[in-house]
Amino acid sequence: MIRTAECITPKHPDKICDRISDAILDECLRQDPNSRVAIETCGGHGKVFVTGEVTTNAKLDVPSIVVRVYGEDIDVETNIVKQSNFIAQGVDTGGAGDRGIMVGYACNENKEMIPQELYLARQLCKRIYKLYPYDGKTQITLDGDTIKTVVTSFQNAPKESLEQIITEWLEYKVDNVEIHCNPAGDWSMGGFDADAGVTGRKLVVDNYGPRVPIGGGAFSGKDSSKVDRSAAYMARKIAVDTLKSHGNAEEVYIYLAYAIGYDKPVQSTAIIDGKHFDLGNTYDLSPNGIVKTLELQKPKFEKTAEWGHMGTGQVWE
């Protein structure tokens, strides 16, 4: 089977927006762990726009946070209001902050228990980023267990240098691999100078790559009353736990579904190598229970947003 996945650097425009949204969340949680936060960031071409809903006792200097994350001065416009009372009335009682379906996954293909094509794309992306810490992407195509194609596009990185890095990374397997380095030509304009970014637009990269389905919404900028984020993390934890407890299993899918304002999932299903099981009461899957189990009121999400939320050594793994 042929499978492909990509990875992007923290300096990609969409990732910059993810990091800004999560940096604002972290500052809210640092001052007020009970903050309700739903922040969206859009940036590009000298300007960043931050909007959303925040209910918190924290004192925020949003422009300063944006400039710190971005790394240089940029024009910042904000439009932030308090969370709707109609949403709060369901969350205040311990219910989920939204409806949705969350998918967790784990497999035995590598030490991070994520699809091998994503694992390899991320490893290569990190390797190149150490030398060229700019906007960039990697993409890996596998034919079974064999690397078939490598695609890289990196700002300020000459094609010849990328080819050398990839050759060293591939070691002896390079002869049969199709390699595309900066296939549209070398480039020096990246990030917000070249393109616009939006929070949550790299949701597939943040999860498990395109092999695994996605049911919920984006992660970044949301406090953990939003099950889009917290239940997706919990589903990953359950998938990892289940894979480890079934020594011969190859892959595990976990499906959790919620109704807004309700504190229990309306679905909690495990699929182990194609066989379906109900999770029952093995875990506390209420929003408050998930927050407590995974320590999701602690400010740690800006760093989490850099390289993806699964397979990067998080508490939920």
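How many bridges join β5 to strand β10? There are 8, and the two strands run antiparallel.

## Basis of the description

This is a predicted model, in which local features need pLDDT of at least 70 and side-chain atom pairs count only at pLDDT 80 or more, while totals for chains, interfaces and linings use all residues. Residues are numbered from 1 along each chain as its sequence is written, and side-chain values use heavy atoms, with hydrogens and water left out.

## The sheet

An open sheet is formed by 4 strands in the order β5-β10-β11-β12, with antiparallel pairing. Strands (E, at least two residues) and helices (H or I, at least four) are DSSP runs numbered from the N terminus, and two strands pair if DSSP finds at least two bridges between them. The edge strands, each pairing on one side only, are β5 and β12 (275–278). From one strand to the next the twist averages 20 degrees; axes here are lines fitted to C-alpha atoms, and angles run from 0 to 180 degrees between N-to-C directions.

Strand β10 covers residues 251–258. Its residue Glu251 is the bridge partner of Cys107, and Ala257 in β10 is the partner of Ile101. β10 also pairs with β11 over 6 bridges, where Tyr253 stands opposite Ile271 of β11. Strand β11 (residues 267–272) is in turn joined to β12 by 4 bridges, with Thr269 partnered by Asp278 of β12.

In β5, 7 of the 8 residues are buried; in β10, 6 of 8 are.

## The cavity

The structure holds 1 cavity of 30 Å³ or more. A cavity is a set of points on a 1 Å grid over the protein atoms alone where a 1.4 Å probe fits but cannot get out, and lining residues have an atom within 4 Å of a point. The largest cavity has a volume of about 70 Å³, taken as the space filled by probe spheres set on the points, which are joined across faces, edges and corners.

Its lining includes Met102, Val103, Leu203, Phe219, Asp228 and Ala232. The elements giving two or more residues to this lining are β5 (100–107) and α7 (227–245).

## Helix α7

Helix α7 has 19 residues and reaches 25 Å from its first C-alpha to its last, close to the 27 Å expected; the expected span is 1.5 Å times one less than the number of residues. Because 15 of its 19 residues are buried, α7 is largely enclosed by the rest of the structure.

Technical notes
1 Å grid on protein atoms, 1.4 Å probe; cavity = no way out; pocket = protein on both sides within 12 Å on 5 of 7 lines; lining within 4 Å. Buried < 20%, exposed > 50% of the residue type's maximum accessible area, 1.4 Å probe, protein only.
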